[in-house]
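Here is a short briefing for a reader new to this structure. Look at the sequence and the model, then read on.

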Amino acid sequence: MWLDRRGWLRVLGHWRYDLRRPSFTRTWSGDKGPMAETVSTQVGTEGGLRASHQQNGDAGGDAKVELSPGPPKPAGREVEPAPVGGEHPSAAAPGPGKHKKRRGATRERVVPPPKKRRTGDNDFLRNTVHRHEPPVTAEPIRLLAENEDVVVVDKPSSIPVHPCGRFRHNTVIFILGKEHQLKELHPLHRLDRLTSGVLMFAKTAAVSERIHEQVRDRQLEKEYVCRVEGEFPTEEVTCKEPILVVSYKVGVCRVDPRGKPCETVFQRLSYNGQSSVVRCRPLTGRTHQIRVHLQFLGHPILNDPIYNSVAWGPSRGRGGYIPKTNEELLRDLVAEHQAKQSLDVLDLCEGDLSPGLTDSTAPSSELGKDDLEELAAAAQKMEEVAEAAPQELDTIALASEKAVETDVMNQETDPLCAECRLVRQDPLPQDLVMFLHALRYKGPGFEYFSPMPAWAQDDWQKD
């Protein structure tokens, strides 16, 4: 049934969407009056009240936009009102796929967060890394020989051959490239970080492959010199005990029947009443072969931080007797070096320690009373250094702000780095040197020597 023209004045249609959505109220008038449309947004509050947020600055009520008369539109369609005068258009219901624009109580428009940006072509990314490399000796790397095929250097102790662990700049490869412009070198053999002496590099991959073939054919001879504890036998000693790797991560080996076969020949050179200088000729190339065999013989290297440690038990591994499991041995080694702040000797840092190595609050019960007292003294020294650290930090905090900013700009310190705030005593030079030196390296058509170190002299005495 159709209504007459006056009937429209009495007709009121309401469409309202509650549930925290914008609600629309439309009022239709006859053809003599314009159609008025009101759009309001209602938001529920904790007390169940709803406040109508007024738009376009109209404090008296809902904003109204005049439209030209026309037939009524269905309820489900959006109405796009045209702006009138200097007023802004009223907010409309968002369409599918579009973000909803909301207005808060302070009339500030709230915009949804942008989508995650994906990298594409021509995007430039920068990553800044803050590192603390362990200390190394300041002894220079001396060139022993150089030709079109190889480079031979005298490697100092405490410096690794190539980047590994926490070492990047303090490596032989990096220093040779920076100071001698020798790049793209191929190491021909390996020396432990704490071992000094002759170290060879090939300049090309072809030369490297040729010399490695000679190594596999046992055509190369290596000779080392070391200073060991006690009086080494005067006659030549040959050790053929197999060696097993206990942990690749920590870098610890031991004599074990399950290990790989190896052979080392030892000959005493001198004895000063307390320690002996011994020449070593390894006939195989197992990890830590010389150090493990000397420990087995009961004459470990005098200052070996791993194989002359109290963690191996009262006999310190002599004759292969180790009264503890591999897990207990590793835990005790880590506990000892943690107390001495020397985890870098094991190529470890605090973040590398697994829960299995730090579960126990005390070392293994196999350690003797004297050994425990030694570890306790080292731990007490650590606490004293830690107590002195806040005072040093207070002194640094009193420095001028300009000096602090200069340090940050020079990237010497980082205010967000916890290690930058620690105050550690620099190690002594003798703390960075182990008494094991690669003396000679010989092969078909070449032979290279390194000078005898000071600690290998006959009249050397321990400080």
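Leaving aside neighbours within four places in sequence, S247 is in contact with V252 and L330; contact means heavy atoms within 4.5 Å. This is a predicted model: local features need pLDDT of at least 70, side-chain atom pairs count only at pLDDT 80 or more, and totals for chains, interfaces and linings use all residues. Residues are numbered from 1 along each chain as its sequence is written, and side-chain values use heavy atoms, with hydrogens and water left out.

**Around S247**
- S247 is found in strand β15 (residues 243-247). Strands (E, at least two residues) and helices (H or I, at least four) are DSSP runs, numbered from the N terminus.
- S247 has a relative accessible area of 12%, so S247 is buried. Buried means under 20% relative accessible area, exposed over 50%, and partly exposed in between (1.4 Å probe, protein chains only).
- The S247 side chain reaches two backbone nitrogens: that of V250 at 3.1 Å and that of K249 at 3.4 Å.

**Helix α4**
- L330, a contact of S247, is one of the buried residues of α4. Others include L329, L333, V334 and A339.
- Helix α4 (residues 326-339) has 14 residues and should span 20 Å at 1.5 Å a residue. Its end C-alpha atoms are 20 Å apart, which agrees. The expected span is 1.5 Å times one less than the number of residues.

**Nonpolar cores**
- V252, the other contact of S247, is among the residues with the most contacts inside the largest nonpolar core, which has 53 residues. L176, F201, C226, F266 and L294 are also in that group.
- A nonpolar core is a set of buried Ala, Val, Leu, Ile, Met, Phe, Trp, Tyr and Cys residues joined through side-chain atoms within 4.5 Å.
- A second, separate core has 12 residues, including V150, A202, V207 and L220.

**Helix α1**
- V172, I175, L176 and G177 are the buried residues of helix α1 (residues 172-180).
- Their cover includes β9 (142-146), β10 (150-155) and β12 (196-202).
- Q181 follows α1 and has a positive phi, near 55°.

**Whole chain**
- The protein chain has 7 helices and 20 strands.
- Of its 463 residues, 35% count as buried.
- Among contacts between residues at least 6 apart in sequence, 59% join residues at least 24 apart.

Methods: A polar contact is a pair of N or O atoms within 3.5 Å; within protein, one must be able to donate a hydrogen and the other to accept it, and residues adjacent in sequence count only if both atoms are side-chain atoms.
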